[in-house]
Amino acid sequence: MHHRHRHRRAMGAAVAATAALLVAGLSGSASAGTAPADAAPTAAETLRTDAAPPALLKAMQRDLGLDRRQAEHRLSNEAEAGATAARLRASLGGDFAGAWVTGAESGTLTVATTDAGDVSAIEARGAEAKVVRHSLADLDAAKARLDRAAAKHDTADAPVWYVDTRTNTVVVEAIRPAAARSLLAAAGVDRSLARVESRTERPRTFYDLRGGEAYYINNSSRCSIGFPITKGTQQGFATAGHCGRAGAGTTGANRVAQGTFQGSIFPGRDMAWVATNSSWTATPYVLGAGGQNVQVTGSTAAPVGASVCRSGSTTGWHCGTITQLNTSVTYQEGTISPVTKTTVCAEPGDSGGSYISGSQAQGVTSGGSGDCRSGGETFFQPINALLQNYGLTLKTTGGGDDGGEEPGGTWAAGTVYQPGDTVTYGGATYRCLQGHQAQPGWEPSNVPALWQRV
């Protein structure tokens with residue numbers, strides 16, 4: 001066990017070094033005033049891509065058509081690409097129009113901008129540049145108008161819409177194209193910003209059934225644990241809001257009394273948390289194939305194009321890619337926003353369960369369409385928004401001792417930070433590059449993949 005762990009860490013370091021060559025300029029040297037570049041951890045080291053267990057790598061190989069080495073390289077490249085895209089987003093400001101990874105090993109990072117003058121700065125970071133018409137801020141604003149219009153509009157026949165940075169448009173997926181045109185007109189969204197795509201299936205919630213590890217609500221319906229959490233000294237877990245209302249009681253897969261829903265939002269969002277009794281202990285793991293523990297070391301959000309895997313007791317481990325962030329989806333019960341759209345399949349029994357990229361928690365299963373025989377799509381409620389909403393702390397194996405005396409400042413472990421947030425730490429000011437929940441060991445001066453000194 002220990003020998004294998006050492007081997008994995010060494011491999012992780014080697015993969016990180018390769019990634020630094022593939023995508024130039026990714027190390028901590030970009031953060032002026034921090035530790036020397038050779039001492040700063042790479043993004044792959046910070047996000048512990050070496051902690052990805054064999055079961056997750058095997059599922060990536062099967063579902064993404066990779067070999068073991070490619071799967072390891074892909075996780076490392078995605079970590080580095082996320083950090084590079086985040087630094088470029090911070091430096092490009094209002095010109096920034098999105099970023100995504102492509103290739104079997106996610107070896108290519110593309111960053112879009114509205115200003116051709118930014119191309120050399122993007123290429124200097126080892127990324128490909130794409131000059132487009134609309135900024136991400138403009139696309140996000142158009143999507144927000146669609147969200148507002150949807151509140152007064154029947155969207156059953158136009159159930160999915162999102163910002164697609166790769167085509168620089170807001171996409172509405174419709175069963176009837178006229179329904180999409182009607183929604184766009186009601187929102188006052190310029191057709192130059194929008195694209196209508198056809199779809200045949202209505203998304204649904206994967207309700208009432210077993211997922212990563214089953215639990216029962218009021219001794220009847222079934223859902224799955226998303227991620228174990230703590231709130232102060234209280235232990236519990238995060239899950240989907242459609243699984244139960246506040247006050248509903250839960251029992252475990254073993255039918256032992258377990259806990260009570262403390263908060264639940266659905267529709268609008270699809271988030272909830274359950275406080276468990278003293279018989280249950282929160283662990284920093286997701287249930288993997290064959291009962292294997294999959295480590296959770298943090299919650300740094302993965303970029304578009306990145307690999308993501310889902311655990312569910314009905315269908316086991318399945319992997320795919322993140323296709324869209326900032327998505328709205330209409331189920332029979334109402335509209336949910338924002339969720340993340342993926343190519344991962346799921347079936348009844350997988351609801352509420354865990355999405356993870358490498359060892360970084362991403363979200364809990366909301367719903368989708370299709371199945372794991374013919375292929376499908378799924379939507380997940382991002383975990384950081386859930387943690388922030390309820391003041392929960394993700395249980396992780398990451399972080400570590402913060403090294404003695406607290407240097408002071410506004411940075412605080414347990415806080416969820418979004419790109420652009422600023423904090424002070426040790427007498428310096430830092431800007432958040434990637435969304436994550438802070439934890440000991442991830443102090444701004446330690447992790448240039450997540451924080452930039454300003």
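The largest pocket is lined by 38 residues, and those nearest its centre are Arg89, Ala301, Leu325, Gln418 and Pro419. A pocket here is an open set of points on a 1 Å grid over the protein atoms alone, with protein on both sides within 12 Å along at least five of seven lines, and a lining residue has an atom within 4 Å of a point. The model is a predicted one, in which local features need pLDDT of at least 70 and side-chain atom pairs count only at pLDDT 80 or more, while totals for chains, interfaces and linings use all residues. Residues are numbered from 1 along each chain as its sequence is written, and side-chain values use heavy atoms, with hydrogens and water left out.

The volume of the largest pocket is about 1100 Å³, where a volume is the space filled by probe spheres set on grid points that are joined across faces, edges and corners. Its lining has 21 nonpolar, 13 polar and four charged residues. In this grouping Ala, Val, Leu, Ile, Met, Phe, Trp, Tyr, Cys and Pro count as nonpolar, Asp, Glu, Lys and Arg as charged, and the others, Gly among them, as polar.

Now turn to the second largest pocket, with a volume of about 340 Å³. It is lined by 19 residues, and Glu213, Ile225, Pro228, Thr281 and Thr283 are the closest to its centre. Two or more residues of this lining come from each of β11 (234-239) and β15 (285-287); helices (H or I, at least four residues) and strands (E, at least two) are DSSP runs, numbered from the N terminus. By class, the lining of the second largest pocket has eight nonpolar, 10 polar and one charged residues.

A cavity is a set of grid points where a 1.4 Å probe fits but cannot get out, and the whole structure holds two cavities of 30 Å³ or more. The largest cavity has about 150 Å³ of space. Of its 17 lining residues, Leu47, Glu78, Ala79, Ala302 and Ser357 lie nearest the centre. The elements giving two or more residues to this lining are α4 (68-92) and β21 (360-371), and α4 gives the most, with four. The lining of the largest cavity divides into seven nonpolar, nine polar and one charged residues.

Next come the aromatic side chains. A pair of aromatic rings is described by the distance of the centres and the angle of the planes. Rings of Phe, Tyr and Trp (its six-membered ring) pair if their centres lie within 6.5 Å; planes under 30 degrees apart count as stacked, over 60 as edge-to-face and the rest as tilted. By this rule there are six aromatic pairs. For Tyr417 and Trp451, the ring centres are 5.0 Å apart and the planes stand at 75 degrees, so this pair is edge-to-face. Tyr417 belongs to strand β24 (residues 416-417) and Trp451 to strand β28 (residues 451-453), so the pair ties together parts that are 34 residues apart in sequence. Tyr417 and Trp451 are both buried, where buried means under 20% relative accessible area, exposed over 50% and partly exposed in between (1.4 Å probe, protein chains only). Elsewhere, Tyr215, Phe237 and Phe261 make up one aromatic cluster. Arg255 lies over the face of Tyr216, at 3.5 Å from the ring centre; a charge sits over a ring if NZ of Lys or CZ of Arg is within 6 Å of the ring centre and within 35 degrees of the ring normal.

What is buried in helix α8 (residues 383-390)? The buried residues there are Ile383, Asn384, Leu386, Leu387 and Tyr390. Viewed down the axis of α8, they fall within an arc of 160 degrees (taken from the directions from the helix axis to the C-beta atoms), so they line one face of the helix. Just after α8, Gly391 has a positive phi of about 65 degrees.

The backbone has a few more points to look at. Phe266 and Pro267 are joined by a cis peptide bond, with omega about -5 degrees, and Pro267 lies in the loop between β13 (257-265) and β14 (271-276). The bond from Ser337 to Pro338 is also cis, with omega near -10 degrees; Pro338 is in strand β19 (residues 334-342). Arg48, although not a glycine, has a positive phi of about 50 degrees. Arg48 sits in the loop between α2 (43-46) and α3 (54-64), and counts as buried at 15% relative accessibility.
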